[in-house]
Amino acid sequence: MRFKEIEKAAQLLREGELVVIPTETVYGLAANAFDPSAIQKIYDLKKRPKGNPLIIHIGKLEDLFKLVREPSKMQLALAETFWPGPLTLVFNRSSIVPDIVTAGQETVAIRMPNNAKTLALLDQLDFPLVAPSANPFTYISPTHPDHLKLSYGEHCPFILDDGECEVGLESTIISETKEGFHCLRQGGIPIKDIERKLGEVIVTQKPSAIVTPGMHKKHYSPHTKVKIINDLSEASNFKDINYKLITFGTKNKLDHQIELAPNGDLRQAGKRLYATFYELDKSDLDLILILRPPNDGLGLTLNDRLTRASQQS
Ligand code: TXA
Ligand code: MG
């Protein structure tokens, strides 16, 4: 590992600057979680509305305890099982967490990313990092440093470059209430895997009782119009326009088709989906057509993102 770039990133963060950090899910726009004026720069650069709380990234489990109050046994069991990894847990916050992190809520979202460079960076710092996905608000999360340059150009903060993200989809967010565990965002860890750990506890996907700030209907959207089709044969209706068709594990090989899950491997698709959107946004298309993957495992996360990508503003 190149020590110098990690040292540089650490120094910038100590000085209250932003740094783009790699994670296994997507690149994050990081700041010192205890420095409200550094965090304000994230909102400004992303054009992110206030009232949209941030995830705190920690490097070791013991760092959790000063940030939260009364974590439950189950929450700790989930953290021990899935961290470092694409799982974010929502806890009761302690008073050390600044209001700007939680958007004034009594809860705080925390995860430990599974990326060696970012873990080495966190190890050098005596504060945790807040890091939203590094995209401009409502655009696609970046999964490669090239995506950052496209969005921010010369205003892009220093990037701790670790190439392509392993998972390519954001973390799964789980919160706990008296009624049980709730999934606030489907993500890189399929709900099935979490349910296996939680045993009898039911994971509700859309708990009406819970406010999920920041989960806008149109989110993760490319600039090019996206349309979901239900059958491959519908693609022929679009033969007169300039389109690409994204599929997930079909046997066919049509013109204009981009197969994201060869042999049905949805992890491959997760890794490549956002990069494909960034690529297609550069290619002056009229339309991106999508035939959905099966709605199971990581397919649930992919379908959630595809639905959002296809929402018109
Ligand atoms: O994979 C990820 O989670 C990436 C990488 C960089 O770690 N981060 C990420 O952050 O996706 P962001 O800010 O783009 O999305 C965070 C989501 C938002 O929808 C926000 O509303 C939700 O987490 N969130 C944050 N704090 C919360 C809280 N206390 N209660 C409920 N939801 C919360
Ligand atoms: Mg985001």
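**Exercise 1. Strand 2 and its partners**

Task: In this predicted model, find the bridge partner of Val20 in strand 2, then state which strands pair with strand 2 and in what sense.

Solution. 
Step 1. Val20 has Leu29 as its bridge partner in strand 2.
Step 2. That bridge belongs to the pairing of strand 1 (residues 19-21) with strand 2, which is antiparallel and has three bridges.
Step 3. For the cover of strand 2 (residues 28-32), count the buried residues: five of its five residues are buried.

**Exercise 2. Strand 5 and its partners**

Task: Work out which strands pair with strand 5, in which sense and over how many bridges.

Solution. 
Step 1. Take strand 4 (residues 68-69): its pairing with strand 5 is antiparallel, with two bridges. Arg69 has Asn92 of strand 5 as its bridge partner.
Step 2. Strand 6 (residues 107-111) also runs antiparallel to strand 5, and four bridges join the two. Within strand 6, Ala109 is the bridge partner of Val90.
Step 3. With strand 9 (residues 172-177) the sense is parallel, over four bridges. In this pair Thr88 faces Ile173 of strand 9.
Step 4. Of the seven residues of strand 5 (residues 87-93), six are buried, so the strand is mostly covered by the under 20% cut-off for relative accessible area.

**Exercise 3. Packing of helix 8 and helix 9**

Task: Describe how helix 8 and helix 9 pack, and which residues make the contact.

Solution. 
Step 1. Two values describe a pair of packed helices: the angle between the axes and the distance between them.
Step 2. For helix 8 (residues 266-281) and helix 9 (residues 298-309), the angle is about 20° and the axes are 9 Å apart.
Step 3. Angles under 35 degrees count as roughly parallel, so helix 8 is roughly parallel to helix 9.
Step 4. The crossing of the two helices is left-handed.
Step 5. Helix 8 contributes Leu266, Arg267, Ala269, Gly270, Leu273, Tyr274 and Phe277 to the contact, and helix 9 contributes Leu298, Gly299, Leu302, Arg305, Leu306 and Ala309.
Step 6. Sorted by class, these are nine nonpolar, two polar and two charged residues.

**Exercise 4. Backbone exceptions in loops**

Task: Locate Pro84, Ala103 and Thr138, and state the backbone feature of each.

Solution. 
Step 1. The bond between Trp83 and Pro84 is cis, with omega about -10°. Pro84 sits in the loop between helix 3 (73-82) and strand 5.
Step 2. Ala103 is not a glycine, yet its phi is positive, about 55°. Its loop runs between helix 4 (99-102) and strand 6.
Step 3. Thr138 is likewise not a glycine and has a positive phi of about 70°. Its loop lies between strand 7 (129-130) and helix 6 (145-152).
Step 4. Check accessibility. Ala103 has a relative accessible area of 33% and is therefore partly exposed; Thr138, at 22%, is also partly exposed.

**Exercise 5. Thr143**

Task: Decide whether Thr143 is buried or exposed, and list its contacts.

Solution. 
Step 1. Thr143 lies in the loop between strand 7 and helix 6.
Step 2. Its relative accessible area is 1%, so Thr143 is buried.
Step 3. With neighbours within four places in sequence left aside, Thr143 is in contact with Thr25, Val26, Tyr27, Gly163, Glu164, Cys165, Gly168, Tyr274 and Ala275.

Note on methods
Residues numbered from 1 in each chain as written. Chains lettered and ligands numbered in written order. Predicted model: local features only at pLDDT ≥ 70, side-chain atom pairs only at ≥ 80, totals over all residues. Heavy atoms only, no water. Buried < 20%, exposed > 50% of the residue type's maximum accessible area, 1.4 Å probe, protein only. Pairing = 2+ DSSP bridges. Axes fitted to C-alpha atoms, helices over the stretch in contact; angles between N-to-C directions. Parallel < 35°, antiparallel > 145°, perpendicular 65-115°, else oblique. Left-handed = near helix turned anticlockwise from the far one by under 90°. Contact = heavy atoms within 4.5 Å. Nonpolar A, V, L, I, M, F, W, Y, C, P; charged D, E, K, R; others polar.
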